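Please look over the structure below before reading on.

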Amino acid sequence: MSRVYNFSAGPAVLPEEVLKEAAAEMLDYEGSGMSVMEMSHRSKVYDKIIKEAEADLRELMNIPDNYKVLFLQGGASQQFAMIPMNLMKNKVADYIVTGQWAKKAYQEAQKYGKANCIASSADKTFSYIPDCSDLPVSEDADYVYICENNTIYGTKFKQLPNTKGKTLVADVSSCFLSEPVDVTKYGVIYGGVQKNIGPAGVVIVIIREDLITEDVLPGTPTMLQYKTHADADSLYNTPPCYGIYICGKVFKWLKKRGGLSAMKEYNEKKAAILYDYLDQSKMFHGTVEPASRSLMNVPFVTGDKDLDAKFVKEAEAAGFVNLKGHRTVGGMRASIYNAMPIEGVEALVAFMKKFEEENL
């Protein structure tokens, strides 16, 4: 069977080149006589893999020396607790709730201190990003938290909030490495890799060194302290070795393609093909306010649930898989991450046009 166009929101499409390389190295990685899956994380050969992955990520994102890069486990969801446990010194944090994941992080933080929702787009089913230029940031807030790209709802912060000098913490799971970022604007920038970087099982945390201290909330487990992992260069315990190895390959693939500004250009071009069609279609329409549209996740509907279901079914039969919207919102969603080729988006739009002609 040939490869399908996989529009899944995560675990998601990976570069074919990377998969082929990993397949070629599956039984014998660089003459070691074994697979990366079988390797000790304490071995010299693995040490080179993880160090090179970090160096390439630092280069891609231009990460300053006073930030640590941590390859951790537990997904982005574990960070919902880890962040307040490590950063809530005053037991106060402000959250901007623009979707389900920000809401979950906000609810989790309430277990550890006073979490304030200082802005939200829940009033319009999270279909826009609220104006964050002048928010009621709490004077004693330890940090301001955002989910930068909302996978389910297809919205993206085009401008970071004005945190009035407070530390910004951002979950970038679904827009990680899709465009250049100024890391210095964040105290913590983190994301699960299974959407835009690698296989499920790794979360990357980029954290400013002054935020890594022993002064954590009482009862914080050793494994949930940033200091534990920072001091051990992500090797305190066995890390998700194979996942990190694939991430490292994706970093090299991105470098080869010209880095993050080249990716941004490519992603804008891809997204425009789909959004331009949605804007003129008589059948399909996007669900996000244009100013807040994500380049990575594009939700759309026909307005008729039966027609939506028919479209998803016929699309799958034609080789366009995982287009069903998240169970909480219905409709359709095309996730067009870095590794989705432009041809995939063009082919999807051609299929949508055909479906529209046949079903109007």
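**Strands and sheets**

In strand E4, Ala-119 is the bridge partner of Ile-96. The structure is a predicted model, in which local features need pLDDT of at least 70 and side-chain atom pairs count only at pLDDT 80 or more, while totals for chains, interfaces and linings use all residues. Residues are numbered from 1 along each chain as its sequence is written, and side-chain values use heavy atoms, with hydrogens and water left out.

Two terms are needed from the start. Helices (H or I, at least four residues) and strands (E, at least two) are DSSP runs, numbered from the N terminus. Two strands pair if DSSP finds at least two bridges between them.

*The sheet of seven strands*

- Seven strands form an open sheet with mixed pairing, in the order E2-E10-E9-E8-E5-E3-E4.
- Strand E2 (67–72) and strand E4 (114–120) are at the edges and have a single partner strand each, so one side of each is left without a neighbour in the sheet.
- From one strand to the next, the twist averages 20°; angles run from 0 to 180 degrees between N-to-C directions, and axes are lines fitted to C-alpha atoms, for helices over the stretch in contact.
- Six bridges pair strand E3 (residues 92–97) with E4 in the parallel sense.

*The sheet of three strands*

- Three strands form an open sheet with antiparallel pairing, in the order E11-E12-E14.
- Its edges are strand E11 (285–286) and strand E14 (332–335), each with a single partner strand, so one side of each has no neighbour in the sheet.
- E11 and strand E12 (residues 297–301) run antiparallel and are joined by two bridges.
- His-285 has Val-301 in E12 as its bridge partner.

- Helix H2 (residues 44–61) lies across E2, strand E9 (188–192) and strand E10 (203–208), and it runs at about 130° to E2.
- Helix H4 (residues 100–109) lies across E3, E4 and strand E5 (144–147), and it runs at about 160° to E3.
- Arg-58 is a residue of helix H2.
- Not counting residues up to four places away in sequence, Arg-58 touches Ile-63, Pro-64, Asp-65, Tyr-67, Lys-68 and Val-69; contact means heavy atoms within 4.5 Å.
- At 2.6 Å, the side chain of Arg-58 reaches the backbone oxygen of Tyr-67.

**Helix against helix**

Two packed helices are described by the angle between their axes and the distance between the axes. Angles under 35 degrees count as roughly parallel, over 145 as roughly antiparallel, 65 to 115 as roughly perpendicular and the rest as oblique. A crossing is left-handed if the near helix is turned anticlockwise from the far one by less than a right angle, and right-handed if clockwise. For residue classes, Ala, Val, Leu, Ile, Met, Phe, Trp, Tyr, Cys and Pro count as nonpolar, Asp, Glu, Lys and Arg as charged, and the others, Gly among them, as polar.

*H1 and H6*

- Helix H1 (residues 16–24) packs on helix H6 (residues 241–256) at an angle of about 135°, and their axes are 10 Å apart.
- H1 and H6 are therefore oblique to each other, and H1 passes H6 in a right-handed crossing.
- Glu-17, Val-18, Glu-21 and Ala-22 in H1 meet residues of H6, among them Tyr-242, Tyr-245 and Trp-253.
- The contact of H1 with H6 has seven nonpolar, no polar and four charged residues.

*H3 and H4*

- Helix H3 (residues 75–87) and H4 have axes that come within 9 Å and cross at roughly 40°.
- H3 and H4 are therefore oblique to each other, and their crossing is right-handed.
- From H3, Ser-77, Phe-80, Ala-81 and Pro-84 meet Trp-101, Lys-104, Ala-105, Glu-108 and Ala-109 in H4.
- The contact of H3 with H4 has six nonpolar, one polar and two charged residues.

**Backbone exceptions**

Most residues other than glycine have a negative phi, and most peptide bonds are trans.

- The peptide bond from Gly-10 to Pro-11 is cis, with omega near -10°.
- Pro-11 is in the loop between strand E1 (5–6) and H1.
- Asp-233, a residue other than glycine, has a positive phi near 50°.
- Asp-233 is in the loop between helix H5 (226–231) and H6.

Key. Polar contact = N/O pair within 3.5 Å; in protein donor to acceptor, adjacent residues only side chain to side chain.
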